[in-house]
Amino acid sequence: MHGRDHLDTYLLRVLHTLLTEQSVTRTAVRLGQSQPAISNTLKRLREITGDAILVRGKSGMVPTERGRELLALAEQSLAAMDRIARPPQQFDPATTTRTFHLGAPDYLDAFFLPNIVERVRRLAPGAKLFVHPMTSSSDFLDDLEQGQLDIVVGNWLSPPEHLHISPLFDDEVVCMLGAQHPLARKGLTLKHYLEMPHLAPAPYASMQRSMIDQALAEQGYKRNIQVTLPYFGLVPYVLMKTDMVFTTGRQFAAHYAQYLPIRMVPSPVPFPRMRFYQLWHERCHAAPDVMWIRRMIAEVAADLPQLPRLEAEGG
């Protein structure tokens with residue numbers, strides 16, 4: 001028994017045809033080969049398998065017991081090879097039971113992620129969606145590469161160059177205050193902003209600092225961060241009880257100002273707009289199912305309300 005490493009698709013097809021036709025002559029005709037070529041291939045298959053495969057019977061060739069086993073194995077192997085070579089089937093969200101893995105900061109919890117869940121539930125009711133938290137300790141690059149995440153959503157000043165990227169939305173930077181704050185209706189001056197106690201979230205802090213604090217540093221400013229919280233969802237409730245200020249995107253602020261005694265005011269410091277992206281790895285770039293969920297996320301972003309620029313109120 002030797003030459004096992006050389007069992008290729010051609011040999012498998014000859015093996016399968018020999019065992020189904022049980023004739024060298026019919027196998028040659030069916031495969032468009034000469035009879036000597038098929039005879040030589042049978043000889044090689046016998047050497048590889050260490051079995052006669054076909055032996056003479058009363059009315060022709062019959063498979064050996066090992067030959068019967070090899071027929072089933074050849075059928076399975078050829079079917080697997082055909083699936084490998086076949087283009088991916090069209091994705092049907094209505095019937096899929098796929099589990100999608102999305103990485104996102106909890107910053108998006110209130111105004112963005114629920115809309116993704118609603119859309120997936122409506123269009124792909126059998127699908128599952130697992131939203132993974134993104135924290136300062138998350139290694140989303142490795143998770144994307146290893147297939148533990150399909151997509152990540154967030155805002156980066158310099159997104160990783162080796163990943164595919166699709167912009168989702170831009171957001172104006174504003175300041176949030178509790179409605180009880182004495183400056184909630186007057187607005188903030190630069191002096192106010194630099195002297196006030198600031199609130200900052202911890203999990204997404206590395207990304208936020210790279211945007212808010214870097215922009216401040218470039219202008220020669222530094223904010224006074226007095227409290228750091230583990231979750232964005234705590235921010236409005238702390239503001240309602242304190243004299244603190246929170247610098248954030250307008251979509252986030254506008255959502256809470258709708259439902260809670262929260263005010264948003266223009267930032268006295270000019271910040272670049274926050275830009276959110278979805279990122280994915282090359283390994284799933286052409287996968288129909290991941291293309292579909294990316295499109296769903298993009299559509300949710302396109303449906304976000306277009307908010308006019310926030311202007312300061314008088315007096």
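Biologist: How are the residues numbered?
Modeller: In this predicted model, local features need pLDDT of at least 70 and side-chain atom pairs count only at pLDDT 80 or more, while totals for chains, interfaces and linings use all residues. Side-chain values use heavy atoms, with hydrogens and water left out, and residues are numbered along each chain as its sequence is written, from 1.

Biologist: Which residues of helix H5 are buried?
Modeller: Helices (H or I, at least four residues) and strands (E, at least two) are DSSP runs, numbered from the N terminus. Buried means under 20% relative accessible area, exposed over 50%, and partly exposed in between (1.4 Å probe, protein chains only). In H5, residues 113-123, the buried ones are Leu113, Ile116, Arg119 and Val120.

Biologist: Why do the buried residues of H5 line one face of the helix?
Modeller: Picture looking down the axis of H5. The arc is taken from the directions that run from the helix axis to the C-beta atoms. The buried residues line one face because they fall within an arc of 125°.

Biologist: Is Leu102 buried or exposed?
Modeller: Leu102 is found in strand E3, and E3 is part of what covers the buried residues of H5. Setting aside neighbours within four places in sequence, Leu102 is in contact (heavy atoms within 4.5 Å) with residues including Leu113, Ile116 and Ile297. With a relative accessible area of 4%, Leu102 is buried.

Biologist: Which element gives the largest share of the lining of the largest pocket?
Modeller: On a 1 Å grid over the protein atoms alone, a pocket is an open set of points where a 1.4 Å probe fits, with protein on both sides within 12 Å along at least five of seven lines; lining residues have an atom within 4 Å of a point. This pocket is lined by 15 residues, with Asp170, Gln251, Arg273, Pro305 and Gln306 nearest its centre. Strand E6 (164-171) and helix H10 each give two or more residues to the lining. The largest share, four residues, comes from E6.
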